[in-house]
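Please read it alongside the sequence and the coordinates.

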Amino acid sequence: QALDNAQSQSRTLFELGNLAEIYFSDTVVLCEGKTDRRLLPLAYERLFQHSPEADHIAFISLGSCADIPKALPVLEAMGIKSRAVADLDFGYTHARSGGLLPKDGPDLADIKLVLTRLQGVHGFTLNGNGLPQSEKNGGWSAADAWAIVGSDANGKVIALRTHEALKIKQTWIWPLGCIEQVTACADKGEDAILEQEDKLRAMSAEDIDRDMPEFRRCFEWIKS
């Protein structure tokens, strides 16, 4: 039944490159994109001095956070413990349409009020549903707007509330916005990923705990 309800997500999960990792792992962590897929295992190794594979944890890239709500039940039906890691916006978009959180929960209304206030200050664009959208002319991106929410005092409180609600649903969202805010990287893309990989390789576990404490919190939750 899980496969029937999530055929495209199942195809992604069972691509040849993922098969061995899924079947030989006790915990599968679904990532929405390649940045998390590459940085999370590296940060894990730097913190714990061994690879996630040594703890039977596999990080799998789905390519889109929209696939998370349907992919989690597929792994559950297989008897495989699963977790997901996504950006903050997931908590107010696909987590709602995918049934992980109520479509009209009070935190959604509250975050829209924060976004309206912050739009007046920063000038980013909101679409018809009151959530950020990227500007076609290369101005503000939706990710930039969510990062501002994650750094705002009121926005942070609401983001943490949504964060805690999703943890119960086996999903971790970055309250700061996305993983680039965790690593303090200003850019996205391949060059930015390489820069963050080099940065993590040069850091000790103590450095990461001091400068990027969200990583250990995330990994401890994954292992719990």
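1. Contact, as used throughout this note, means heavy atoms within 4.5 Å. Helices (H or I, at least four residues) and strands (E, at least two) are DSSP runs, numbered from the N terminus. The model is a predicted one: local features need pLDDT of at least 70, side-chain atom pairs count only at pLDDT 80 or more, and totals for chains, interfaces and linings use all residues. Residues are numbered from 1 along each chain as its sequence is written, and side-chain values use heavy atoms, with hydrogens and water left out.

2. Helix α11 comprises 12 residues, 190-201, and reaches 17 Å from its first C-alpha to its last, close to the 16 Å expected at 1.5 Å a residue. The expected span of a helix is 1.5 Å times one less than its number of residues. Which residues of α11 are buried? They are A192, I193, Q196, E197 and L200, where buried means under 20% relative accessible area, exposed over 50% and partly exposed in between (1.4 Å probe, protein chains only). These residues cover an arc of only 140 degrees around the axis, which puts them on the same side of α11; the arc is that of the directions from the helix axis to the C-beta atoms. D191 and D198 are exposed on the other side of α11. The buried residues of α11 pack against α4 (34-48), α10 (179-183), α12 (205-211) and α13 (213-223).

3. E180 lies in helix α10 and, at 4% relative accessibility, counts as buried. Apart from residues up to four places away in sequence, E180 touches T35, C185, D187, K188 and Q196. Q196 is itself among the buried residues of α11.

4. Two packed helices are described by the angle between their axes and the distance between the axes. For α4 and α13, the axes come within 10 Å and cross at roughly 95 degrees. Axes are lines fitted to C-alpha atoms, for helices over the stretch in contact, and angles run from 0 to 180 degrees between N-to-C directions. The two helices, α4 and α13, are therefore roughly perpendicular to each other (angles under 35 degrees count as roughly parallel, over 145 as roughly antiparallel, 65 to 115 as roughly perpendicular and the rest as oblique). From α4, the contact involves L40, A43, Y44, L47 and F48, and from α13, F215, R216, F219, E220 and K223. The residues of this contact divide into seven nonpolar, no polar and three charged. Here Ala, Val, Leu, Ile, Met, Phe, Trp, Tyr, Cys and Pro count as nonpolar, Asp, Glu, Lys and Arg as charged, and the others, Gly among them, as polar.

5. Helix α8 (residues 142-151) and helix α9 (residues 153-167) pack at an angle of about 95 degrees, with their axes 5 Å apart. That makes α8 roughly perpendicular to α9. V149, G150 and S151 of α8 meet A153, G155 and K156 of α9. By residue class, the contact of α8 with α9 has two nonpolar, three polar and one charged. Elsewhere in α8, A142 is buried, with a relative accessible area of 18%. Leaving out residues up to four places away in sequence, A142 touches P132, Q133 and S134.

6. The 15 residues of α9 should span 21 Å at 1.5 Å a residue, and its end C-alpha atoms are 21 Å apart, which agrees. G155, I158, A159, T162, H163 and L166 are buried in α9. Seen down the axis of α9, its buried residues fall within an arc of 145 degrees, so they line one face of the helix. A153 and V157 are exposed on the face of α9 turned away from its buried side. The cover over the buried residues of α9 includes α6 (94-97), α7 (106-122), α8 and β4 (171-173).

7. Where is F90 placed? F90 is in the loop between β3 (81-86) and α6, and is buried, with a relative accessible area of 0%. Leaving aside neighbours within four places in sequence, F90 is in contact with C65, I68, P69, A95, L100, L166, T171 and I173.

8. Most residues other than glycine have a negative phi, and most peptide bonds are trans. Phi of Q49 is near 65 degrees, a positive value in a residue other than glycine, and phi of H56, likewise not a glycine, is positive, near 60 degrees. At 59% relative accessibility Q49 counts as exposed, whereas H56, at 39%, counts as partly exposed.
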